[in-house]
Amino acid sequence: MRTLVLLALVGLGAQLVDGSLGMAYGVTSTTLLLAIGTNPAAASATVHLAEVGTTLASGVSHWRFGNVDWKVVTRIGIPGAIGAFAGATFLSWLSTEIAKPLMSILLLGLGLYVLLRFTLRGLRTDRLGQPLRKRFLTPLGLVAGFMDATGGGGWGPVGTPAILASGRMEPRKVIGSIDTSEFFVAVAASLGFLFGLGTAGINPTWALALLIGGLIAAPIAAWLVRLVPPRVLGSAVGGIIVLTNTRTLLNLDSFTVSDGVRGLVLGIVAVGWAAAVAYSFTQHRKAVAAERAEAAAQPAATTPVA
């Protein structure tokens, strides 16, 4: 019972982050399942089974708040589903000894990408309104879908920053469209795991606990996306993913690391994470102050002289 409550809370927290940032539900949930010893393929399968419900609820919530561009959803969601099915069947055929470190390395890489992307770089706004073309969205969907299924998460960490970096959509619509299109990815990945694994190792009770937490959080996250600074939240989420997966890799039998060295490495990562969040918050406040100063100066500059 204690495990189920913990999973429900993780599902709630992960969906709050995912729905307001456009990433990290799968990465966060899979990281926890791996940390408690779940088979990598089964962990990803369980998370994707829960995501079928959470992504549907999130998509509906974002649609009601006007955060969805349906052209982008179809153009990235369909190739994403193809990539997810391929990634799920690939992961199902790997042995646990290979899959666990591979997944942890993928998650660590995604975490580093999220952490550095949101800590060091802002969001472009000079190209808003320009169309996103199929030749950009189709390969992006294929890669993000494959990474999502093999890494237990990756649709948001790959898709959201790529579209944000293009500067062609406002952040809330990027997040809403990515979250909505993830429904196709979750369904395709679940079918791929059922094809490759059957129901072996998949824990429907755990999936239900994650789903319940996610369903509670979905409408709240769709509302929060208008309020929470993506830069700060991205740094926070990226840091916890990096810290957790660094710990997982250091605890593998293939690494002979003393407790002192393990503690030192994790301490350095934790300090770096805290510094990244603080820097992101400072940069966000500076950006807000600059925008307010510019807005205050503009009327004065356009007021005619008597």
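Which residues does Thr246 touch, not counting residues up to four places away in sequence? I shall begin with that question, and then turn to the rest of the chain. Please keep in mind throughout that this is a predicted model.

Thr246 touches Leu108, Val265, Leu266 and Val269, once residues up to four places away in sequence are set aside. The residue itself sits in helix 10, which covers residues 230-250.

The mean pLDDT of the chain is 75, and 67% of the residues reach 70 or more. Confidence is lowest in helix 1, residues 2-21, with a mean of 64. It is highest in helix 4, with a mean of 86. Where pLDDT is low, the predicted coordinates should not be read in detail.

I come next to the nonpolar cores. The largest of them has 23 residues, and the members that touch the most other members are Val72, Ile76 and Ile163. Two or more residues of this core come from each of helix 4 (70-92), helix 6 (134-151), helix 7 (155-166) and helix 8 (171-197). A second, separate core has six residues, among them Ala43, Val47, Ala50 and Ala207.

Leaving out residues up to four places away in sequence, Ile163 touches Val72 and Ile76, and its other contacts include Leu132, Phe136, Leu140, Met169 and Ile178.

Is Lys134, by contrast, buried or exposed? Its relative accessibility is 54%, and because the cut-off for exposed is over 50%, Lys134 counts as exposed. Lys134 is found in helix 6. Although Lys134 and Ile76 are 58 residues apart along the chain, their C-alpha atoms are separated by 8.1 Å. With residues up to four places away in sequence excluded, Lys134 touches Arg75 and Pro139.

Finally, I turn to the aromatic rings. The structure holds one aromatic pair. It is formed by Phe183 and Phe184, whose ring centres are 6.0 Å apart and whose planes stand at 70 degrees, so the pair is edge-to-face. Phe183 is partly exposed, at a relative accessible area of 26%. Phe184 is likewise partly exposed, at 37%.

That concludes my presentation, and I thank you for your attention.

Note on methods
Residues numbered from 1 in each chain as written. Predicted model: local features only at pLDDT ≥ 70, side-chain atom pairs only at ≥ 80, totals over all residues. Heavy atoms only, no water. Core = buried A, V, L, I, M, F, W, Y, C linked by side-chain atoms within 4.5 Å. Buried < 20%, exposed > 50% of the residue type's maximum accessible area, 1.4 Å probe, protein only. Helix = DSSP H or I, 4+ residues; strand = E, 2+ residues; numbered from the N terminus. Contact = heavy atoms within 4.5 Å. Phe/Tyr/Trp six-rings, centres within 6.5 Å; stacked < 30°, edge-to-face > 60°. pLDDT = per-residue confidence, 0-100.
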